[in-house]
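Please keep the structure in view while reading.

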Amino acid sequence: MQYRRMPIEVEAPEGFGYEKIDCNLSESSFADQRLADLGIDIGNLVLFYGDHKGKPALRELIAAEAGLHADEVLITAGAAAALFIVATALLNKGDHMVVAKTNYATNIETPRAIGATVDFLPLHFDDGYELDVDMLDNLVTDQTKLVSLTYPHNPTGAHISMETLQKIIRITERKKTWLLFDETYRDMSFGEPLPVAAGLSDRVISVSSMSKSYGLPGIRIGWLSCTNKQLLENFLAAKEQVFITNSVVDEEIAYRYLLRKESLFPPVKEKILENFRIVQRFMQQQNVLEWVEPKGGCVCFPRIKSEVAIKTKKFHEILLHKYRTYVGRGHWFEEDDRYMRIGYSWDKTERLQKGLTNILMAITESVYDV
């Protein structure tokens with residue numbers, strides 16, 4: 001495999017230096033949590049090699065919510081590891097896959113590193129980032145090994161209906177391909193969340209994690225779910241060759257959190273919705289940005305209107321270095337830098353509001369002289 005660093009990682013805020021940032025609107029998760037605030041004490045935990053599939057009680061909790069069996073869940077080192085395992089287990093050089101684009105960079109870059117032939121299912125701003133099921137059907141052939149979708153979507157916050165998901169699954173079943181369905185933002189759906197897709201067909205692999213919705217990226221716990229036993233055995237073999245087992249510390253923290261999810265997560269969801277309404281009002285009250293309003297997640301992907309004659313490089317430099325405000329640049333997602341991903345639930349609410357104001361001031365200072 002030919003690895004290359006992705007812009008989203010090269011320019012990540014943790015590399016730039018959090019101390020240099022006043023308003024961090026680049027993060028795609030809820031605010032980072034503290035163990036003490038969650039009431040989690042693991043002082044008596046034995047630091048042993050854990051179950052290779054993951055802590056059984058943790059898998060049981062995840063499976064129960066999804067309507068699956070614990071043996072149909074594999075715990076991984078974050079969703080990123082799950083995505084890597086799926087791609088490397090199912091794709092070889094020259095194999096064909098279809099992936100939605102715009103997308104989280106790993107879903108595109110890992111298949112490229114493998115040497116797979118990648119066709120994009122375009123999601124367009126002007127179409128409301130609506131997934132074209134007929135186009136997907138045309139792109140998927142009998143030789144397609146994998147279809148990769150993410151909903152609620154990162155970076156746009158777009159979503160699909162149950163009817164659309166069922167149509168997608170029927171395509172993958174008919175053409176005997178695999179559907180990788182990244183559900184990391186599922187709990188942050190603004191309406192009723194979709195069911196865990198892996199429970200709907202043995203052609204579906206669902207992926208999720210503790211990082212985004214729960215604000216626990218530091219424990220590096222994710223999982224993949226699938227009802228196909230042979231496929232899961234292949235994924236387990238991949239996991240064992242990369243890192244054998246997860247950290248039992250991380251798994252225990254995830255388990256303790258999910259045990260109390262019904263009390264811990266509602267305030268998180270309430271804060272996400274509160275911050276979303278702040279961004280919603282902001283977008284309504286200005287006239288230089290436009291967006292497709294999100295239907296889930298904690299990110300949005302607005303763009304500077306085409307009639308605004310702006311120097312995009314200057315805009316981002318002013319925004320970062322003068323106003324110390326960090327956003328996810330469009331090129332992180334292989335889009336023009338008139339686009340920006342705004343995460344609205346990581347930094348404090350007052351920093352979100354200040355950062356949004358800073359964006360408008362940086363735009364004003366970056367327009368071409370008339």
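How many cavities of 30 Å³ or more does the structure hold? The structure holds two. On a 1 Å grid over the protein atoms alone, a cavity is a set of points where a 1.4 Å probe fits but cannot get out, and lining residues have an atom within 4 Å of a point. Grid points are joined across faces, edges and corners, and a volume is the space filled by probe spheres set on the points. The model is predicted, with local features requiring pLDDT of at least 70 and side-chain atom pairs counted only at pLDDT 80 or more, while totals for chains, interfaces and linings use all residues. Residues are numbered from 1 along each chain as its sequence is written, and side-chain values use heavy atoms, without hydrogens and water.

The largest cavity holds about 60 Å³ of space. Its lining includes Leu83, Phe84, Ala87, Thr106, Asn107 and Thr110. H6 gives the most to this lining, with four residues; helices (H or I, at least four residues) and strands (E, at least two) are DSSP runs, numbered from the N terminus. The lining divides into seven nonpolar, four polar and no charged residues, where Ala, Val, Leu, Ile, Met, Phe, Trp, Tyr, Cys and Pro count as nonpolar, Asp, Glu, Lys and Arg as charged, and the others, Gly among them, as polar.

The axes of helix H5 (residues 78–90) and helix H6 (residues 106–114) come within 10 Å and cross at roughly 35°. Such axes are lines fitted to C-alpha atoms, for helices over the stretch in contact, and angles run from 0 to 180 degrees between N-to-C directions. Leu83, Phe84, Ala87 and Thr88 of H5 meet Thr106, Asn107, Thr110 and Ile114 of H6, contact being heavy atoms within 4.5 Å. These residues comprise four nonpolar, four polar and no charged.

The second largest cavity, of about 40 Å³, has charged residues in its lining: two, beside five nonpolar and two polar. Among the residues around this cavity are Tyr151, His159, Glu183 and Arg186.

The pockets come next. A pocket is an open set with protein on both sides within 12 Å along at least five of seven lines. The largest pocket has a volume of about 590 Å³. Of its 29 lining residues, Glu9, Ser28, Tyr104, Ser211 and Lys212 are the closest to the centre.
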